[in-house]
Amino acid sequence: MTIADAPFDRLCHIIESHEREGTLRLPPEPRLAEAVGVTRARLRTLLKRAESDGLIWRHVGKGTFAGSRPIVSEDAARALSVSADDLFDARLLLESQLAAQAALHSTDRDIAAMYEVIDAMVRAGSFQEWKRLDARLHRLIAMATQNALLLMLHESLHVPIRVGIENRLEEVFDAPPVPRVSTNEEHRAIVDAIAGRNAPLAQQLMRDHIGSVRDQLFATA
């Protein structure tokens with residue numbers, strides 16, 4: 001974690017503590033800024049980042065809440081119609097292409113952010129923290145394509161993942177540490193390929209990674 005990321009890390013810990021305690025509404029901005037140790041202007045920037053990562057959601061007139069925005073019934077119904085096979089087929093197709101495009105179009109800043117998240121995943125003390133970082137890494141790869149439409153397509157996978165496989169993810173990756181260790185290594189190899197501007201390798205490594213996750217989730221399910 002860099003010094004610049006320390007305030008965001010403190011904000012994330014506050015958000016996670018609210019989720020654990022079930023008090024999802026975050027404190028008003030003045031109190032939250034004091035707890036994080038930043039100005040209110042800086043806090044707003046951090047909150048925008050947290051919102052883009054799916055860590056919080058906002059309701060005008062009611063406040064800011066920890067966790068993902070509640071899924072509306074219409075979205076949930078559509079997501080329930082998506083099978084796990086369909087979800088992983090879509091991920092294999094889309095995310096492998098995102099990795100290839102990231103290798104071609106990512107900036108040095110994009111790549112540095114990916115490595116910071118990978119290092120944080122290695123240090124993660126809880127499954128919830130690791131899962132949040134995992135989602136952030138995959139989103140960073142999508143963002144590194146510099147293509148807003150591809151990012152939107154990546155975001156469209158979010159609700160089916162939450163509705164369809166989130167519980168299974170916790171069962172598998174929150175039990176022994178081994179799956180998380182191997183997944184961290186897969187992530188690093190993907191980012192190494194992106195940093196090396198090797199689009200075919202990044203594409204193949206992402207396909208292998210998504211296939212590995214699918215096998216771990218359902219081979220013994």
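Which residue forms a salt bridge with Arg 91? In this predicted model, the partner turns out to be Glu 95, with the closest N and O atoms sitting 2.6 Å apart. Both residues belong to helix H5, which covers residues 84-105. They are four residues apart in that helix, or about one turn. Neither is out in the open: Arg 91 and Glu 95 are both buried.

A second pair works across two helices. Here the side chains of Glu 155 and Arg 139 come together in a salt bridge, at 2.8 Å from N to O. This one ties together distant parts of the chain, since Arg 139 sits in helix H7 (residues 127-143) and Glu 155 in helix H8 (residues 148-155), 16 residues apart. Arg 139 has a relative accessible area of 15%, so it counts as buried, being under the 20% cut-off. Glu 155 comes out at 34%, so it is partly exposed.

Then there is the pair Arg 58 and Glu 51, whose side chains meet in a salt bridge with an N to O distance of 3.3 Å. Arg 58 is partly exposed because its relative accessible area is 27%. Glu 51 is partly exposed too, with a value of 32%.

Salt bridges can also join up into a network, and that is what happens with Glu 29, Arg 40 and Arg 44. Altogether, the count for the model comes to nine salt bridges, including the Arg 91 and Glu 95 pair in helix H5.

Methods. Residues numbered from 1 in each chain as written. Predicted model: local features only at pLDDT ≥ 70, side-chain atom pairs only at ≥ 80, totals over all residues. Heavy atoms only, no water. Salt bridge = Lys/Arg side-chain N within 4 Å of Asp/Glu carboxyl O. Buried < 20%, exposed > 50% of the residue type's maximum accessible area, 1.4 Å probe, protein only.
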